[in-house]
Amino acid sequence: MARVRNWQINREMSYWYPESRPKRQFAAVFDTNKCIACYPKFEIGEQQQCFVNCIGKIRMAGTVSLPGQARADNPIDYLVHIRKLALPLFPQFGLEPNVYYVPPIHVPRPFLRQMFGPGVEQAIETYRGAADDPDLAGLLSLFGSTARVVPRWQRHGDVVVGFDEDGGEIVRVPLHEPVFIRQAFDAAHGVVRTNVPVAIWRATGPTRG
Ligand code: SF4
């Protein structure tokens, strides 16, 4: 395994990939002083703008109850308290953060346990089983489906419905949608289009999605 110098913490460390380290990498800078969590939007029942814009549909905003008052029909309660799929970051600090993460499944487990605590193993198993878990898959399909905050949800067969607090329907989405799998390697641009480590991509070949 290659060794590189991590300039952020000023020490040598292993580099998982066989390639030489790229000279440039994707980077993003967030000015945390400016983010107000779009609170004026949340006050009128709308999700944060970057949640709405997220093309990967990975985000959902709402309210979380105390553990003893969790409701299965509250999407955030269901993910955080009931299924324990969405985990707080660094729970050992006891900060009760209000940002929860569905942990990444390809990251080394010791690092994940440090970040998300001992519940990360079960969360990953739960996530891997989502394809055969209609309720969980259904709720995940509500992510990114509406600009409104969805306080309540239900699955009716192959349809998942989001409601407001008064039971009014906000949105409905199909449980199953067509899936289009791109080639893992984009030869035109010379890049790998998945989050699977390059070594695995090489083992499985460029035609596998
Ligand atoms: S769009 Fe996102 S990053 Fe920008 S203020 Fe709203 S919550 Fe913060």
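Trainee: What should I know about the numbering and the model before we start?

Mentor: Residues count from 1 along each chain as its sequence is written. The model is predicted, so local features need pLDDT of at least 70, side-chain atom pairs count only at pLDDT 80 or more, and totals for chains, interfaces and linings use all residues.

Trainee: Why is Lys 57 called partly exposed?

Mentor: Check the cut-offs: a residue is buried if 20 or more other C-beta atoms, placed from the backbone, lie within 10 Å of its own, exposed if 12 or fewer, and partly exposed in between. Lys 57 has 13 C-beta neighbours inside 10 Å, so it counts as partly exposed. Lys 57 sits in the loop between helix 2 (49-53) and helix 3. Helices here are DSSP runs of H or I with at least four residues, strands are runs of E with at least two, and both are numbered from the N terminus.

Trainee: And what makes Phe 90 exposed?

Mentor: Phe 90 has 12 C-beta neighbours inside 10 Å, so it counts as exposed. Phe 90 belongs to the loop between strand 3 (87-88) and strand 4 (100-101).

Trainee: What is the backbone doing at Lys 57 and at Phe 90?

Mentor: Lys 57 has a positive phi of about 55° without being a glycine. Phe 90, not a glycine either, has a positive phi of about 50°. For background, most residues other than glycine have a negative phi.

Trainee: Which residues touch the most other members of the largest nonpolar core?

Mentor: Leu 79 and Leu 139, in a core of 20 residues. The elements giving two or more residues to this core are helix 3 (75-82), helix 5 (120-128) and helix 6 (134-142). As for the term, a nonpolar core is a set of buried Ala, Val, Leu, Ile, Met, Phe, Trp, Tyr and Cys residues joined through C-beta atoms within 7 Å.

Trainee: What is Leu 139 in contact with, leaving aside neighbours within four places in sequence?

Mentor: Leu 139 is in contact with Pro 75, Tyr 78, Leu 79, Trp 153 and Val 160. Contact means that C-beta atoms placed from the backbone lie within 7 Å. Leu 139 is one of the buried residues of helix 6, along with Gly 138, Leu 140 and Leu 142. Their cover includes helix 3, strand 5, strand 6 and strand 7. Just after helix 6, Gly 144 has a positive phi of about 70°.

Trainee: How do you know that strand 5 and strand 6 pair?

Mentor: DSSP has to find at least two bridges between two strands. Strand 5 (residues 152-156) and strand 6 (residues 159-163) are joined by five bridges and run antiparallel. Trp 153 stands opposite Gly 162, and Arg 152 has Phe 163 as its bridge partner. The two strands make a hairpin with two residues between them, and Gly 157 in the turn has a positive phi of about 60°.

Trainee: What makes strand 5 an edge strand?

Mentor: The open sheet has three antiparallel strands in the order 5-6-7. Strand 5 and strand 7 (169-174) each pair on one side only, and that puts them at the edges. Five bridges also join strand 6 to strand 7, among them the one between Val 159 and Pro 174.

Trainee: Which face of strand 6 is covered?

Mentor: The one with Val 160 and Gly 162; Val 159, Val 161 and Phe 163 are on the uncovered face. In a regular strand the side chains alternate between the two faces of the sheet.

Trainee: Why is Arg 155 partly exposed rather than buried?

Mentor: Arg 155 has 17 other C-beta atoms within 10 Å, so it is partly exposed. Arg 155 lies in strand 5. Its C-alpha atom is separated by 6.6 Å from that of Asp 135, 20 residues apart along the chain.

Conventions
Contact = placed C-beta atoms within 7 Å.
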